[in-house]
Amino acid sequence: VLLPKKAKKIKRIPWDNNHILTFLNFPKIEFNDIAATAIALYTGMRLEEICNLKFDDIYEDAFHIHEGKTESASRTVPIHSILINLLTQCESKSKDGYVITGLNPGGYDQKRSWNFQKRLGRLRKKAGLPETVVFHSLRNPFATRMENLGVPKNHISQLMGHEDGNMALDVYSGGLAIEPLRESMGKLSYGEEIDSYLFKLKY
């Protein structure tokens, strides 16, 4: 049995606002590319989680992630107001019930993100972004901004699908109620230029 080749490891660096704007304004990106990037920015989700999201998983103004990379990956993430317009457009374009529609699975494990991730990598390169700026590192600015806003670390951990690091909370807590998480999520901003661009986007 041939095992998949290990991808070469590169040192990831977080996206800054210039990286984000360069990518969003690159002429060759399409709606799916923008939608996945926006969802990552305002949820902290991993790409595979975003690619597996169906509209059936969106209710009570939240994304419901049922499985993922770790036990903690199963979680509820409130929908940021910036994403509402974008998600409406995603739904009108979807032909298969997925938020990111029309993806062709690939790789030895047939992940929906496999070919899409490669596409996004090619686009970043063509847009002139550094090789070290990868999709996964969109989680860094999410975590950093939330922390700088004074959002409690256990809120950030739960939103991102990480263990809290507090054994008592990890073992005994059933998780935070949605309202405190919704309040924390509502504080998140990437500044007027990015927030406004994505909030008003018509594609």
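Predicted model: local features only at pLDDT ≥ 70, side-chain atom pairs only at ≥ 80, totals over all residues.
I looked up Arg112 first: at 7% relative accessibility it counts as buried (under 20% relative accessible area; exposed is over 50%, partly exposed in between, with a 1.4 Å probe and protein chains only). Residues are numbered from 1 along each chain as its sequence is written, and side-chain values use heavy atoms, with hydrogens and water left out.

Next, salt bridges. I took one as a side-chain nitrogen of Lys or Arg within 4 Å of a carboxyl oxygen of Asp or Glu. The count comes to 8.

Arg112 pairs with Asp96 at 3.8 Å, N to O. Both lie in the loop between H4 and H5, so the bridge ties parts 16 residues apart in sequence. Asp96 is partly exposed, at 36%.

I then checked Arg119, which meets Glu30 at 3.6 Å, N to O. Arg119 is in helix H5 (residues 113–126) and Glu30 in the loop between H1 and H2, so parts 89 residues apart are tied together. Helices are DSSP runs (H or I, at least four residues), numbered from the N terminus. Arg119 is partly exposed at 24%; Glu30 is too, at 45%.

Arg182 bridges Glu179 at 3.5 Å, N to O. They sit 3 residues apart in helix H9 (residues 178–185), about one helical turn. I also noted a network: shared partners join Glu30, Asp33 and Arg119.

Last, helix H10 (residues 192–200). Ile194, Asp195, Ser196 and Leu198 are buried there. The buried residues of H10 pack against H1, H2 and H4 (contact: heavy atoms within 4.5 Å).

Note on methods:
Helix = DSSP H or I, 4+ residues; strand = E, 2+ residues; numbered from the N terminus.
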